[in-house]
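Thanks for making the time this morning.

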Amino acid sequence: MLGNAKFGNIGNWAGTPQTTASESARRSLYGYEWVDRPVFLSRGYTEKKLPESKEFADGELIVKRELENLDSMFLRNFSEVNTDYLKAGGFRARFVELIKDPGFLHHVVFWESTKDSKAIIFMWFLHKKRFDLARRMIDGENLNINGEPTPASCDFGPWDRLAAYYRATPTCFILGDRRLELFEDVLRWPTR
């Protein structure tokens with residue numbers, strides 16, 4: 001196992017890297033950051049070739065920051081479910097388990113999931129095994145943490161883009177395309 005593994009600079013969902021390379025090369029690097037790298041990190045962790053996220057050279061700081069963001073999100077936006085969030089076996093404990101996988105943590109950082117209420121609501125539904133509500137969100141419906149419809153927002157944030165990518169993910173095998181592996185194995189999204 002690599003004892004000196006490091007996340008390094010994790011990209012961001014909102015833009016492609018600044019480079020003089022062609023547009024297709026930038027899209028390729030963007031695809032590597034949002035699909036391939038999390039899949040490779042998760043696979044390395046599963047195969048015990050990589051340590052859990054906190055054991056990366058820069059992992060403890062990243063984990064701490066994401067947990068602080070998550071706690072702030074629940075205090076600020078979802079205070080009505082805070083007791084459920086914090087209880088033993090609650091959402092926070094589940095999230096801590098999930099981010100041990102460096103591929104999952106990379107995904108969370110890249111997509112700014114702990115800053116996006118839609119992403120957190122979606123993960124909440126998965127945790128609560130409310131796959132019907134998770135599916136409705138994937139299909140574009142806006143729901144609050146209690147599963148009630150809310151007015152659509154004109155903002156197109158990280159959750160919206162990721163859900164659009166999921167809807168566009170092919171159901172058939174395409175050589176070299178790891179999107180299905182990302183959604184099903186790393187993120188554990190509901191299968192089609």
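Predicted model: local features only at pLDDT ≥ 70, side-chain atom pairs only at ≥ 80, totals over all residues.

E112 is partly exposed, with a relative accessible area of 26%, and this residue sits in the loop between α5 and α6. Most residues other than glycine have a negative phi.

K129 belongs to the loop between α6 and α7, the latter running over residues 131-138. Is K129 buried or exposed? With a relative accessible area of 62%, K129 is exposed, because the cut-off for that class is over 50%, whereas E112, at 26%, is partly exposed.

Let me step back to the chain as a whole. There are 9 helices and 0 strands, so that, read along the sequence, the pattern is α-α-α-α-α-α-α-α-α. Of the 192 residues in the chain, buried ones make up 46%.

Now to the pockets, which may interest this group. How much space lies in the largest pocket? The value is about 380 Å³, and the lining consists of 23 residues, with L98, F104, M123, L126 and L187 lying nearest the centre. The elements that give two or more residues to this lining are α4 (91-98), α5 (102-110), α6 (117-127) and α8 (158-168), and of these α6 gives the most, with 5 residues. By residue class, the lining of the largest pocket divides into 16 nonpolar, 3 polar and 4 charged.

One of the residues nearest that centre, L187, deserves a moment of its own, as L187 is found in the segment after α9. L187 has a relative accessibility of 5% and therefore counts as buried, the cut-off being under 20%. The C-alpha atom of L187 is separated by 9.6 Å from that of P38, although the two residues are 149 apart along the chain.

The second largest pocket has a volume of about 300 Å³, and 18 residues line it, of which S117, K118, I121, N142 and S153 lie nearest its centre. Here α6 and α8 each supply at least two residues of the lining, and both helices also give two or more residues to the lining of the largest pocket. Which classes of residue make up this second lining? There are 7 nonpolar, 6 polar and 5 charged residues, to be set beside the 16 nonpolar, 3 polar and 4 charged residues around the largest pocket.

Turning to the charged pairs, the structure holds 12 salt bridges, and I will pick out a few of them. R178 forms a salt bridge with D36, the closest N and O atoms being 3.3 Å apart. This pair links distant parts of the chain, as R178 is in the loop between α8 and α9 (179-186) and D36 is in helix α1, 142 residues apart. The two partners fall into separate accessibility classes because R178, at 25%, is partly exposed, while D36, at 16%, is under the 20% cut-off and counts as buried.

R130 and D132 form a salt bridge with the closest N and O atoms 2.8 Å apart, where R130 has a relative accessibility of 37% and D132 one of 41%. R136 and E141 form another, with a closest N to O separation of 2.7 Å, and here the relative accessibilities are 30% for R136 and 32% for E141. Beyond such pairs, D84, K87 and K128 are linked in a network of salt bridges.

L29, Y32 and F40 make a nonpolar surface patch of about 250 Å². F40 lies in helix α1, which covers residues 23-46, and F40 is partly exposed, with a relative accessible area of 34%.

Technical notes: Residues numbered from 1 in each chain as written. Heavy atoms only, no water. Patch = residues over 30% accessible without salt bridge, like charges linked within 9 Å, V, L, I, M, F, W, Y side chains within 5 Å. Areas by Shrake-Rupley, 256 points an atom, 1.4 Å probe, with all protein chains shown as cover. Salt bridge = Lys/Arg side-chain N within 4 Å of Asp/Glu carboxyl O. Helix = DSSP H or I, 4+ residues; strand = E, 2+ residues; numbered from the N terminus. Buried < 20%, exposed > 50% of the residue type's maximum accessible area, 1.4 Å probe, protein only. 1 Å grid on protein atoms, 1.4 Å probe; cavity = no way out; pocket = protein on both sides within 12 Å on 5 of 7 lines; lining within 4 Å. Points joined across faces, edges and corners; volume = space filled by probe spheres on them. Nonpolar A, V, L, I, M, F, W, Y, C, P; charged D, E, K, R; others polar.
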